[in-house]
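The exercises below each set a task and then work through it step by step.

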Amino acid sequence: SGQWNGSDQGDPNGDINTLTSKAPLPARFRAPLPIPEQLKPVRRTADTDYYEIVQSAATAEIIPGLRTEIMGYNGTFPGPTITQDPGRRVVVTHRNDLPVPTVVHLHGGTTAYDSDGYPTDFLLPAETYGTFPAMPAMPGMPAMSDPDALVSRLRRDYTYPPQPRAATLWYHDHRMDFTGASVYRGLAGFHIAHDAQEQALPLPKGSRDVPLMIADRAFAADGSFLYPALDATMRTTPGVDKPYANGVMGDVILVNGAPWPVMKVDAARYRFRILNASNARTYQLALDGSSEGFTQIGTDHGLLAAPLRQDTLVIAAAERYDVIIDFGRHKVGDEITLVNRLGSGSTAAVMRFVVARATKDTSSVPATLSGTTAITPSGSMTQRIMKFHRGGQGEWLINDQAFDPSVSLADVPAGSTELWTVVSDFHHPFHIHNATVQVVSRDGRAPGPYDHGWKDTVFVNKGEKVQLAIRFSTHKGRYVFHCHNLEHEDMGMMATFRIT
Ligand code: C2O
Ligand code: CU
């Protein structure tokens with residue numbers, strides 16, 4: 001069915017153009033599913049794991065026989081997976097060997113402001129050192145780029161304190177005006193935080209705990225990524241790329257960087273950490289060849305209170321779902337296909353699982369997964385309305401304002417909980433940094449079937465009013481909230497808030 005979120009909201013991709021590949025589309029379910037490399041710490045101390053990443057240009061063979069230039073963390077797409085163990089601090093030293101400035105953001109992370117990847121907190125490439133303007137200061141906030149300190153910013157440390165909950169986080173580029181172009185070229189990877197409570201559960205582990213990064217792309221005849229703008233963004237070249245102002249979708253579905261891959265599985269339970277890393281596309285995932293559907297165990301910010309049966313999962317850009325699929329109910333040789341009910345033609349399929357081996361399975365899905373408390377909205381909580389809408393020039397705005405680093409739309413006390421109502425004129429995945437979110441209501445009604453648990457990205461339908469309870473972290477400083485349709489974000493649909 002085309003129904004989702006419990007009622008007929010229309011097709012969330014309906015107003016967005018799809019780029020058509022000029023390269024021949026590869027055969028489906030041939031490429032083996034790649035598993036991103038697990039990054040190894042270069043050093044460990046009593047409480048900290050140190051990692052190093054070089055951001056560099058590289059080529060990848062995504063379409064068989066063709067070469068695609070990518071920008072990758074350690075030259076790979078997806079980037080290597082970072083694991084954060086319970087109670088441990090992680091420090092990642094990034095070096096930028098790309099020809100453009102970058103910004104590293106840990107999506108869903110609880111992070112001090114100077115490691116959060118504010119959109120103008122650049123990690124500069126060597127070539128532009130000394131010529132790049134310092135970022136504008138904001139009254140009352142410490143400066144982030146002291147020009148004298150620029151040299152240290154060619155190579156810099158991002159520090160991630162122990163995360164409050166086990167969760168499937170991801171890191172990606174966040175440069176002002178250019179996030180869409182940079183992520184499309186490959187700057188995205190998983191960052192998986194664990195906690196002791198989660199580790200004690202009998203859930204599938206090891207090679208049966210698998211991250212799946214879903215992203216659509218289009219390819220030019222020579223295999224290079226097709227994107228409407230090379231480096232200039234659509235915001236800085238008004239008019240030029242208007243057809244793609246609503247967002248960019250491709251006709252090739254990649255999982256972990258491979259087109260429509262296939263994964264051989266044991267006849268056992270698997271845990272999949274599904275991330276939609278697409279710039280703009282929303283998927284409605286379903287399993288063809290299985291009557292069981294998904295057992296959802298987690299969302300953006302970790303495990304749900306209890307497992308939830310889902311026939312389909314609607315996943316907007318940047319959302320995550322942790323699911324269990326039990327291949328133990330199948331026999332060797334069965335094929336189960338992950339499909340996209342919001343897609344058509346080439347975008348209707350995502351990947352395939354083939355049951356290859358019978359096995360013993362000692363995993364299980366406990367009836368209680370985690371302790372989560374529902375936030376009860378109260379009259380003493382500050383309420384704000386955030387209007388996500390289009391301006392007269394076709395630009396994307398929040399409360400009539402295009403992103404301006406010198407303007408804060410909200411100053412919130414550290415550790416506080418506020419009620420925000422997001423009002424929207426289009427389909428927008430709302431995302432906020434350094435905070436955790438519960439959906440209180442949609443258009444005054446109960447939250448939808450995909451709103452359970454602690455979120456950081458919430459899909460807002462066209463014309464909908466979604467009330468959110470937002471709990472801010474205790475880290476003070478300036479952060480952003482924005483639409484995670486990356487073309488909307490690049491065209492201004494982002495704003496600063498300050499934790500004070
Ligand atoms: Cu996934 Cu502000 O980012
Ligand atoms: Cu949007």
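**Exercise 1.** Describe how domain 1 and domain 2 meet, and which elements take part on the side of domain 1.

Solution. In this structure, 33 residues of domain 1 are in contact with 36 residues of domain 2, where contact requires that the C-beta atoms of two residues, placed from the backbone, lie within 7 Å. On the side of domain 1 that touches domain 2, the elements giving two or more residues are strand 4 (68–73), strand 9 (167–173), helix 1 (179–184) and strand 10 (188–193); helices (H or I, at least four residues) and strands (E, at least two) are DSSP runs numbered from the N terminus. Helix 1 gives the most to this side, with four residues. By class, this side of domain 1 has 22 nonpolar, six polar and five charged residues, counting Ala, Val, Leu, Ile, Met, Phe, Trp, Tyr, Cys and Pro as nonpolar, Asp, Glu, Lys and Arg as charged, and the others, Gly among them, as polar. The domain bounds, which come from an automatic or database assignment, are 31–196 for domain 1, 206–357 for domain 2 and 383–499 for domain 3.

The model is a predicted one, in which local features need pLDDT of at least 70 and side-chain atom pairs count only at pLDDT 80 or more, while totals for chains, interfaces and linings use all residues. Residues are numbered from 1 along each chain as its sequence is written, and chains are lettered from A and ligands numbered from 1 in the order in which they are written.

**Exercise 2.** Decide whether R269 is buried or exposed, and find its contacts.

Solution. Begin by placing R269 in strand 16 (residues 269–276). R269 is buried because 22 other C-beta atoms lie within 10 Å; the label buried needs 20 or more such atoms, exposed means 12 or fewer, and partly exposed lies in between, with C-beta atoms placed from the backbone. Leaving aside neighbours within four places in sequence, R269 is in contact with P204, R208, I324, D326, G328, D361 and S363.

**Exercise 3.** Work out which strands pair with strand 22, and why strand 22 counts as largely enclosed.

Solution. Strand 22 (residues 335–340) is largely enclosed by the rest of the structure because five of its six residues are buried. Strand 17 (residues 283–288) pairs with strand 22 in the antiparallel sense over four bridges, pairing being assigned if DSSP finds at least two bridges between two strands. Within strand 22, T337 stands opposite D288. Strand 23 (residues 349–357) also pairs with strand 22 in the antiparallel sense, over five bridges, and here I336 stands opposite F353.
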